[in-house]
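Reader: Could you walk me through a few local features of this one? I would like to go element by element.

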Amino acid sequence: MATEDKNRATAAAILPLVGGAANVSSIAHCMTRLRLGLHDRSLVDDEALKAVPAVMGVVDDDTYQIVLGPGTVARVTPEFEKLVEEGRAAAPEPSPAAGPVSADELAAQGAAIKAQQKAKNATPFKLFLRKIANIFVPLIPALIGCGIIAGLNGLLVNLEWLPSVTPALAAMASGFMALIAVFVGYNTAKEFGGTPILGGAVAAIIVFPGVANIDAFGQTLSPGQGGVLGALGAAVLAVYVEKWCRRWVPEALDVLVTPTLTVLISGLVTIFGLMYVAGEVSSAIGTFADWLLSNGGAGAGFVLGGLFLPLVMLGLHQALIPIHTTLIEQQGYTVLLPILAMAGAGQVGAAAAVYFRLPRNESIRRTIKSALPAGLLGVGEPLIYGVSLPLGRPFITACVGGAFGAGFVGLFNQLGDTVGSTAIGPSGWALFPLLDGNHGLGSTIAIYAGGLLVGYVAGFLATYFFGFSKDLLTEFNVSQEPAPSAVTATGGHPAAAPGTPPGAAGPETGPGSPTKEPAGV
């Protein structure tokens, strides 16, 4: 009950700061963020939101995103939905947010960078990638749960323990993956404006065992051929067929004719075209990933790990989600995620170096201390937009740390020790339960842990020695403790003194409070 009260209290603290129930148009959540559609963005009090203890940061993107962290967001969201429903029933009038408190200049820089990047990301191609991400992100909890069960089952099989239980665990782990195409089809149709169940129905053709009796392009089809890519294409086609039918079919016949033609036309194209084409593309993705890491693992890892954070800022990382899912569907794990996860290790190492290089800046040091545990678990957003990116050089040196960590993991892939993840979503230490490979769990865990260590050390050293210019150190390495006279008689927050460096102004606002973050890290 105490936990439920805590979650409801967090939701209750957030709601008035986003303009109240009447200002909320939609509610959703992903792995770490509460995503809100808002009628009037000006009613949101960003600084007060960041002062809520459970809030790690905020992101103003296509939806307004409040970072709560894994686990917490899944518990706070239902409570928030209940409060919104209660508020709408009471028909409250939205009230303007309270006046903003003194802003932290460092956080303001992060906010400005995020705003600029958001404008750049609003291109048709990147909006399309965002749609693709919206299709797969809701599947992540099932991928994680089934992936952990698969890992547990593999461990029991290797140890020859509980032989009567392992078949049941195998069924639990494999059931979702056997039907993932159906879920992808359902979400695709929903995202592209069609009837979700029709998208799922067309995608179900791909996994139906009876397709093994059909010949296309001179070969017999296999159940599951084309996988998630085929399901995505089939559902998009179904949406366009359905919309065409809605325009031309008389209303009196719509309920009978439209779904029939949608499934018939889309189904035929899927069977005699999309399954073959998507199957070839899926096979090419797996072959290329294996070739890349077996022939240039260290170099490929170095490049991928070093560029991942900039890819996130550009919104291009979303293109990797269906690739990860395809690899998991084909091989049981994705070899790319453990490599890309090293970007977070470089970020943690860089943040630790900033902590030691700025011994007198208590404001930034407190932010780092509160955000580091989340960073170790793979939630690096508060550190990125609250610390390294606004400072400039530490963001670059964090990328260097990620490059070295990823190069380490890639090197072992090149030497034949494959390291993969059975699900997407987590990174950092949270990825350990999802690791899998071709040479046993112990070897896989050791390589991944070694990569994290290399990323931490490389990020720390690169930032400590190259992350600050003399002018930057002079500007930021200044005591942030306010004089007693700086505090108002009414108990208000201390104001920033003239010449105070970024990070000094405003109250200390809890874990990761002065942060902005890139979407989808």
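Author: Strands β3 and β4 form a hairpin, with three residues between them; strands here are DSSP runs of E of at least two residues, helices are runs of H or I of at least four residues, and both are numbered from the N terminus. Please keep in mind that this is a predicted model, in which local features need pLDDT of at least 70, side-chain atom pairs count only at pLDDT 80 or more, and totals for chains, interfaces and linings use all residues. Residues are numbered from 1 along each chain as its sequence is written, and side-chain values use heavy atoms, with hydrogens and water left out.

Reader: How many bridges join β3 to β4?

Author: Four bridges join β3 (residues 57-60) to β4 (residues 64-67), and the two strands run antiparallel; pairing requires that DSSP finds at least two bridges between two strands. Gly57 has Val67 in β4 as its bridge partner.

Reader: Switching to helices, at what angle do α5 and α12 pack?

Author: Helix α5 (residues 124-136) and helix α12 (residues 320-331) pack at about 40°, with their axes 8 Å apart, where axes are lines fitted to C-alpha atoms over the stretch in contact and angles run from 0 to 180 degrees between N-to-C directions. That angle makes α5 oblique to α12, because angles under 35 degrees count as roughly parallel, over 145 as roughly antiparallel, 65 to 115 as roughly perpendicular and the rest as oblique.

Reader: And which residues meet there?

Author: Ile132, Ala133 and Phe136 of α5 meet Ile321, Pro322 and Thr325 of α12, contact being heavy atoms within 4.5 Å.

Reader: Now Glu79, is that buried or exposed?

Author: Glu79, which is found in helix α3 (residues 72-89), is buried, because its relative accessible area is 11% and buried means under 20%, exposed over 50% and partly exposed in between, with a 1.4 Å probe and protein chains only. Not counting residues up to four places away in sequence, Glu79 touches Asn7, Arg8 and Ala11.

Reader: What about Phe217, where does it lie?

Author: Phe217 lies in the loop between β5 (215-216) and β6 (219-220), and it is exposed, with a relative accessible area of 52%. Leaving aside neighbours within four places in sequence, Phe217 is in contact with Phe272, Gly273 and Tyr276. Phe217 and Tyr276 are 59 residues apart in sequence and 7.6 Å apart in space, C-alpha to C-alpha.
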